[in-house]
Amino acid sequence: MSSLDTPVGTREKVRVFVTGACEGLADLLDALEHHMEIEFVGATDQVRDASATLTGGHLGAVLHATRGSTLPTNELAAIREHTQAPIILLASGEASTLLEEALDADIADVLLLPQLTENIVFAVRKAGHSGRKAQGGGGRAGRIVTVFSPKGGTGKTVMATNLAAALAKIEGKRTLLVDLDLQFGDAAIMLGLEPDKTIYDLVVAPGELDSEKLAGYTTRHSSGLEILPAPLRPEDAELVTETKLSRLLEVARESFDIIVVDTSPFFHGPMLATLDRTDELLVVCGLDIPTLKNVRLSLQTLELLSFPMDRIRLVLNRANSKVGMKPDEVEGALDVKIRFAVPSDRAVPISVNRGAPAVIADAKSDFARSMAAMAKTLAPVGKSGSPAPASRRRLMGRR
Ligand SMILES: Nc1ncnc2c1ncn2[C@@H]1O[C@H](COP(=O)(O)OP(=O)(O)OP(=O)(O)O)[C@@H](O)[C@H]1O
Ligand SMILES: [Mg+2]
């Protein structure tokens, strides 16, 4: 089997997860695990045991195996609750009813086992392609950069706000900043804004969410970035559900070049939905043992959630502090290279208290230069569109 050495070239492996069970599945799992074009994320009998991986696993396809001769509607719905990845049904034995029912269902393909592994891999690749086309792939999809740290006060919000401001003002990207620190978010305050609408108002507003509607709820900062602030009252946070946030990010990707997400130190539902769509995860660390310990734990959690490790960028904040620990000790302890080192700088607290991001208010400071360089690295290449829809809308007058 492994003699089928397909030249994969630079092709990206497809991340595949398998749920359910049927005759002949064990052999197939074995073959997939060793196939060069497949990144085999794992398998489980019960869909309900797989929610974290389905949500956070960046899956290219889900293979669901069934023993029944009719469509496993409950299982399929349970998978759909967590992921938009294409679903391929695997069955064995008599399946004519199942094939008939599958025609109208949200399924990419049905394959009857046994099959040549290559047939399965082809179906997986094909499903991935048409899935991307259906989502408007080829067109533009904004990148999602999530700023996370398992500790409070490490500088997430300072970085998220400055990064977003630099992406908008210096890189000229249509930038949305989403404050996902749902209970105590302060991104708007750091930008000196007092918005009258927040992410809470958006998710409780009636009707389907689309980019026009999103534009009615974001607030523009003088740098050009649009912000969707955290709810004003902590108790409103719980209405921002995983499902709402998934939809919000999908919509935001259509009208922005880049979406920066500030977070709280928890892996709650909306955070998992965000991770599932995150292109680059900035994990902020500091030069202190408690933060280092928690960063190490969260890297392990991310691995358990099947988050792709190649999307993690380790950021060391206050990297120049003389505190008896060196950056290379951080790299050693975490076994991850530092991608961005951001200096400690008096300009930061001053700009925070003024409500004016340092990348703009104090562009020559060390911190601002470092953030501008980070923005340059993270800015998606290619032509930027016209100003974000919210600004156009505002010119036309808001409802
Ligand atoms: N590079 C830096 N140099 C100097 N001060 C900094 C730097 N980074 C952050 N700070 C200071 O640390 C404080 C905490 O930063 P920030 O609010 O961004 O952390 P956070 O990770 O978002 O915290 P929380 O989890 O509570 O939201 C800020 O008020 C800021 O003044
Ligand atoms: Mg914060």
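User: Buried means under 20% relative accessible area, exposed means over 50%, and partly exposed lies in between. With that in hand for this predicted model, is Arg 143 buried, exposed or partly exposed?

Analyst: Happy to start there. The relative accessibility of Arg 143 is 29%. That value falls between the 20% and 50% cut-offs, so Arg 143 counts as partly exposed.

User: Which residue meets the side chain of Arg 143 in a salt bridge at 3.3 Å, and how far apart in sequence are the parts tied together?

Analyst: The partner is Glu 280, with 3.3 Å from N to O. Glu 280 belongs to strand β11 (residues 280–285) and Arg 143 to strand β6 (residues 143–148), so this pair ties together parts whose separation in sequence is 137 residues.

User: Which other residue is linked with Arg 143 and Glu 280 in a network of salt bridges?

Analyst: Glu 280 and Arg 143 already form a bridge with each other. The network that links these two also takes in Arg 313.

User: How many residues apart are Arg 174 and Asp 257, and where do they lie?

Analyst: These two form a salt bridge, with their closest N and O atoms 3.1 Å apart. Arg 174 is in the loop between α6 (156–169) and β7 (175–179), while Asp 257 is in the loop between α10 (242–255) and β10 (258–262). Arg 174 counts as buried at 7% relative accessibility, and Asp 257 counts as buried at 10%. The bridge links distant parts of the chain, and the separation is 83 residues.

User: In which helix is Arg 253, a partner of Asp 279?

Analyst: Asp 279 and Arg 253 meet through their side chains in a salt bridge of 3.4 Å, N to O. Asp 279 sits in the loop between α11 (269–277) and β11, 26 residues from Arg 253, which is in helix α10.

User: How many salt bridges does a search of the whole structure find?

Analyst: The pairs we have discussed include Arg 174 with Asp 257 and Asp 279 with Arg 253. Across the whole structure, the search total is 13.

User: Now for the strands: what is the handedness of the crossover from β4 to β5?

Analyst: Strand β4 (residues 87–92) and strand β5 (residues 109–113) run parallel and are joined by five bridges. One of the bridge pairs is Ser 92 with Leu 113 in β5. Between the strands the chain passes through helix α4 (residues 96–102), and this β-α-β crossover is right-handed.

Technical notes: Residues numbered from 1 in each chain as written. Chains lettered and ligands numbered in written order. Predicted model: local features only at pLDDT ≥ 70, side-chain atom pairs only at ≥ 80, totals over all residues. Heavy atoms only, no water. Salt bridge = Lys/Arg side-chain N within 4 Å of Asp/Glu carboxyl O. Helix = DSSP H or I, 4+ residues; strand = E, 2+ residues; numbered from the N terminus. Buried < 20%, exposed > 50% of the residue type's maximum accessible area, 1.4 Å probe, protein only. Pairing = 2+ DSSP bridges. Right-handed = clockwise from strand over helix to strand, strands pointing away.
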